[in-house]
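This briefing covers helix packing, salt bridges and a surface patch. Please read it alongside the sequence and the model displayed below.

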Amino acid sequence: MQSFRLSMVPVGLVLATGLFLSGCANNPKDPTAGWTPEKIYSEARDEVNAGAWDKAIGYYEKLEGRAAGTALAQQAQIDKAFAQYKTGDKIQAVATLDRFIRLHPTSPAIDYALYLKGLVNFNDNLGMFSFITRQDLSERDQKAAKDSFEAFRELSTRFPDSKYSADARQRMTHIVNSLAAYEVHVARYYASRGAHVAAINRAQQAIADYQGVPALEEALAILVNSYKAMGMMALSNDARRVLQTNFPKSAFLLTDGAEVKRSGGWRLW
């Protein structure tokens, strides 16, 4: 038994040595090993200018480790998040930004980090094409829009004088208007098919969740007509009074079921 164990020792050493040498052969030398942090950052910027976002991300990751604890490492982290955003990797971009905000709460770049976090999930066409194609916004799209809104809201609240806050507020308005309009779009769809309970629920949801947006005019009109269609005249009249108080010149007050020509096109009611 002793001879057997002794005979296995050199074989094991040979195998281990072979695996080690093989690993070294397959592990190419890091070309940035002798570079200064400034050179790595310069190379990363060159890749950004060339549109090679993936390569830039690799350099930024090396720089984060090589220059840890410095302002350059913080810059690399922020720039990496932007590069991840440009590649379409929203999840990683948000994760990078959350980590930056957590690790550097007093950084002068916090306002930009919040702005970029909002921008990652912002969609210019939110709700627009769904109306044209009759496709519903997915829950993921709506969550992304709400996450975007929250990032912009935090930015404009914490840093009202930031150079990014004015744009953030405009984007917040767009998000709220789009989400409210989508809720009304769904309510209108239900109402046009006689599903008045569902139409009332979606219209009420829009009114409860979104204040002071243009879509609320039609949400109230949906309540007026859906309650009326169900024979609930007291509730219909209540909704009409609210509509008249808030939108005294509303064309919906003149129709009772007719088509209404509006600035955004034809709306069936």
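The expected span of a helix is 1.5 Å times one less than its number of residues. The model discussed here is predicted. Helix H4, residues 71-86, reaches 23 Å from its first C-alpha to its last, close to the 22 Å expected for its 16 residues.

**Helix H4**

- The buried residues of H4 are Ala 73, Ala 76, Gln 77, Ile 78, Asp 79, Lys 80, Ala 81, Ala 83 and Gln 84.
- The cover over these buried residues includes helix H2 (37-49), helix H3 (53-66), helix H5 (90-103) and helix H6 (110-120).
- After H4 comes Gly 88, which has a positive phi near 90°.

**Helix H5**

- H5 has 14 residues, and its first-to-last C-alpha distance of 20 Å is close to the expected 20 Å.
- Ala 93, Val 94, Thr 96, Leu 97, Phe 100 and Ile 101 are the buried residues of H5.
- Seen down the axis of H5, these buried residues fall within an arc of 160°, so they line one face of the helix.
- The face turned away from the buried side carries Ile 91 and Arg 102, which are exposed.
- Both H4 and H6 are among the elements that cover the buried residues of H5.

**Salt bridges**

- The count of salt bridges in the model comes to 13.
- Arg 171 pairs with Asp 167, with the closest N and O atoms 2.6 Å apart.
- Arg 171 and Asp 167 are separated by about one helical turn, because they lie four residues apart in helix H9 (residues 165-192).
- Arg 171 counts as buried because its relative accessibility of 19% is under the 20% cut-off, whereas Asp 167 is partly exposed at 26%.
- Glu 183 and Arg 202 also meet in a salt bridge, at 2.8 Å from N to O.
- This pair links distant parts of the chain, with Glu 183 in helix H9 and Arg 202 in helix H10, 19 residues apart.
- Glu 183 is buried at 8% relative accessibility, and Arg 202 is partly exposed at 23%.
- Arg 188 and Glu 218 form a further salt bridge, at 2.7 Å from N to O.
- Here too the link is between distant parts of the chain, Arg 188 being in helix H9 and Glu 218 in helix H11 (residues 215-229), 30 residues apart.
- Glu 218 is buried, with a relative accessibility of 2%.
- A network of salt bridges links Asp 30, Lys 62 and Arg 66.

**Surface patch**

- Val 197, Met 230, Met 232 and Leu 235 form a nonpolar surface patch with about 310 Å² of accessible area together.

Terms used:
Residues are numbered from 1 along each chain as its sequence is written. This is a predicted model: local features need pLDDT of at least 70, side-chain atom pairs count only at pLDDT 80 or more; totals for chains, interfaces and linings use all residues. Side-chain values use heavy atoms; hydrogens and water are left out. Helices (H or I, at least four residues) and strands (E, at least two) are DSSP runs, numbered from the N terminus. Buried means under 20% relative accessible area, exposed over 50%, partly exposed in between (1.4 Å probe, protein chains only). Contact means heavy atoms within 4.5 Å. Patches are made of residues with over 30% relative accessible area and no salt bridge: like charges are joined within 9 Å, nonpolar side chains (Val, Leu, Ile, Met, Phe, Trp, Tyr) within 5 Å. Accessible areas come from the Shrake-Rupley method with a 1.4 Å probe; for residues, only the protein chains shown count as cover. A salt bridge is a side-chain nitrogen of Lys or Arg within 4 Å of a carboxyl oxygen of Asp or Glu. The arc is that of the directions from the helix axis to the C-beta atoms.
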